[in-house]
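Subject: Structure handover

Hi,

Here is the structure I promised to pass on. My notes on what turned up follow below it.

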2 protein chains.
Amino acid sequence: MAGESTIHVTCAQFEPRIGEIEGNRETSIALVSEAADNGADLVVLPELCQSGYVIESRSEAYALAETVPGGPTIEAWAALAQERKIHIVAGFLERDDDRLYNSAVVVGPGGILGTYRKNHLWDEEALFFERGNRNFPIFHTPFGRLGVLICYDGWFPEAWRLLAIAGADIVCVPTNWVPMPGQPDGLPAMANLLCMSAAHVNSFVVAACDRVGLERGQPFIGQSLIVDHTGWPVAGPASVDEPAMISAEINLGEARRKRNWNDFNQIVRDRRTDLYGEMLGHAATPDWH
Amino acid sequence: MAGESTIHVTCAQFEPRIGEIEGNRETSIALVSEAADNGADLVVLPELCQSGYVIESRSEAYALAETVPGGPTIEAWAALAQERKIHIVAGFLERDDDRLYNSAVVVGPGGILGTYRKNHLWDEEALFFERGNRNFPIFHTPFGRLGVLICYDGWFPEAWRLLAIAGADIVCVPTNWVPMPGQPDGLPAMANLLCMSAAHVNSFVVAACDRVGLERGQPFIGQSLIVDHTGWPVAGPASVDEPAMISAEINLGEARRKRNWNDFNQIVRDRRTDLYGEMLGHAATPDWH
């Protein structure tokens, strides 16, 4: 059955350079080409890997932004996906009219499938970017239904769950994780734990691609990983400070089929929507955020 | 300030025996008394620790059930809390009229504060118990706002989040965790990861008290733990197969105060309620649970 087919998923963790759009494009193209040579069907690249992350001013942000379609990096990724018959999910700085977004584009053999715009902005991103205004879209591909979250989005279990409800079989996470205070030795990074928990309670695959390096004083933590529907890593976590290519053969049919855990429980259907509705959606009764 | 005060939280992991109500009561009283001797302000006991877990028939379930108030174990716990000036959160088999619930009672120096009834039933529990019908209540105590979840409830990020929104500073989790397939060596139990993720993304404390032992062929996995608002364990995980008492000094004011992560982000307020509402609450558009 089609639902049983596997795909080869790769996360290409690297170090984008702030402001070096041409260089970042070349690096990303080289990495995706290498992944395709190794059989990748789907390649995930980091958040804002076209521009770099630590923006210092609105004018710098405007100068680095690209449009969809038309942006040179976007078009290069689309051409590469078409040529190599693969899908790519990659973070970039998007300009739409005069608004900027922290976005990810999804491209495939047929061209641009669309963009996801980060819904939960982290820290000074709020100075430059608008909050996402395209909800949590599902991108339909021949191998399955694909959702996208970016970095801090992963701190919101609502975001993962909405994608599960909307049908996601795999969630791709371009990210630029930064160190979290209190991280102890001997336990996975909290960012990794959030991916594992989300995959487990939604029975979908998570492919998170982080960056590495120090940019304008901001360190990033690498540790890209691919988690299967049980919540356990099948590739990674990758290096904390070196570029790395991690890959896994993923069966998206299994992810969906295995939501039934026993005769009584199906993890997504077991939700008590009769209890969640109003408190989650609207300003709730005792509002103590 | 009052918000800065610490409390001493203890989870008393033990092995209840199915059907041995008097014996379980005696064991629980001995453990809570020992915890109180050691300075506990709040003691959490496992799920269904008054009755045992692996019920075989509805008639057995009825025979083991207790009412609130009036049930002998409930009254014994309430008397103990009053005598020792502590709070206890403990799982028991509740009968209300002719309905049965997998419940936890919260008792304090002033008597019974109320019960929480498990909202998400696991596996054959559905044969004997009704699903909870009291939403996700907050119990107000002198040391802070306390929420309760039971075992499989923890697989629903919605449940944790609703408690955060309603004001919980600490979530007590009486549980009977069973092994999950695929658990690898070298990583915490998935049940532990879910507590850690939930504490982190809601900035509250989680005190989860599991049982141990093999009951009618069903193994349980211990590993009770107390997680602070950063998401990292401050006590436990306890033994996988032996009774254990784990304790931590917890500052609930910190848990609440530290929801502000930087100038822009407050983890609970950052929720995009404009996007979550309808899809989470009601039968959603593309409904692919």
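Arg272(B) sits in the loop between helix H7 (252–257) and H8 of chain B. This is a predicted model, so treat every value here as computed from it. With 4% relative accessibility, Arg272(B) falls under the 20% cut-off and therefore counts as buried. Its side chain comes to 2.9 Å from the backbone oxygen of Asn119(A). The side chain of Arg272(B) also makes a polar contact with that of Asp274(B), again listed at 2.9 Å. Setting aside neighbours within four places in sequence, Arg272(B) is in contact with Asn119(A), His120(A), Arg131(A) and Gly132(A).

Now the counterpart number in chain A. Arg272(A) forms a salt bridge with Asp274(A), and the closest N and O atoms are 2.9 Å apart. Arg272(A) is buried, with a relative accessible area of 4%.

Next, the interface. The size of an interface is often given as the accessible area lost when the parts come together. Between chain B and chain A the buried area is about 6300 Å². Carbon and sulfur atoms give 65% of that area. In residue terms, 69 residues of chain B are in contact with 69 residues of chain A.

Four salt bridges are counted between chain B and chain A. Arg271(A) forms a salt bridge with Glu158(B), with 2.7 Å between the closest N and O atoms. Polar contacts across the interface of chain B and chain A come to 21 residue pairs, both residues at pLDDT 80 or more.

Which elements of chain B give two or more residues to the side that touches chain A? They are helix H4 (125–128), helix H5 (157–166), helix H6 (190–202) and helix H8 (273–281). H8(B) gives the most, with eight residues. By class, that side of chain B has 37 nonpolar, 18 polar and 14 charged residues.

Of its 10 residues, 10 are buried, so H5(B) is largely enclosed by the rest of the structure. Glu158(B) is among these buried residues, as are Trp160(B) and Arg161(B). Just after H5(B), Gly167(B) takes a positive phi of about 115°.

On to salt bridges in general. The whole structure has 34 of them over all chains.

- Glu94(B) and Arg117(B): their side chains meet at 3.0 Å, N to O. The pair links distant parts of the chain, 23 residues apart, with Glu94(B) in strand E3 (residues 87–96) and Arg117(B) in strand E5 (residues 111–117) of chain B. Glu94(B) and Arg117(B) are both buried.
- Glu254(B) and Arg257(B): their side chains meet at 3.9 Å, N to O. The two are three residues apart in helix H7 of chain B, so about one helical turn separates them. Arg257(B) is partly exposed, with a relative accessible area of 40%.
- Glu47(A), Lys118(A) and Glu125(A): these are linked in a network of salt bridges.

Last, the annotation. UniProt, in an unreviewed entry, lists residues 7–252 of chain A as "domain: CN hydrolase". Over that range the chain is 26% helix and 30% strand. The end C-alpha atoms of residues 7–252 of chain A are 8 Å apart.

Best regards

Methods
Residues numbered from 1 in each chain as written. Chains lettered and ligands numbered in written order. Predicted model: local features only at pLDDT ≥ 70, side-chain atom pairs only at ≥ 80, totals over all residues. Heavy atoms only, no water. Contact = heavy atoms within 4.5 Å. Buried area = accessible area lost by both parts, 1.4 Å probe. Polar contact = N/O pair within 3.5 Å; in protein donor to acceptor, adjacent residues only side chain to side chain. Helix = DSSP H or I, 4+ residues; strand = E, 2+ residues; numbered from the N terminus. Nonpolar A, V, L, I, M, F, W, Y, C, P; charged D, E, K, R; others polar. UniProt positions renumbered as here; feature names shortened; annotations may be inferred. Buried < 20%, exposed > 50% of the residue type's maximum accessible area, 1.4 Å probe, protein only.
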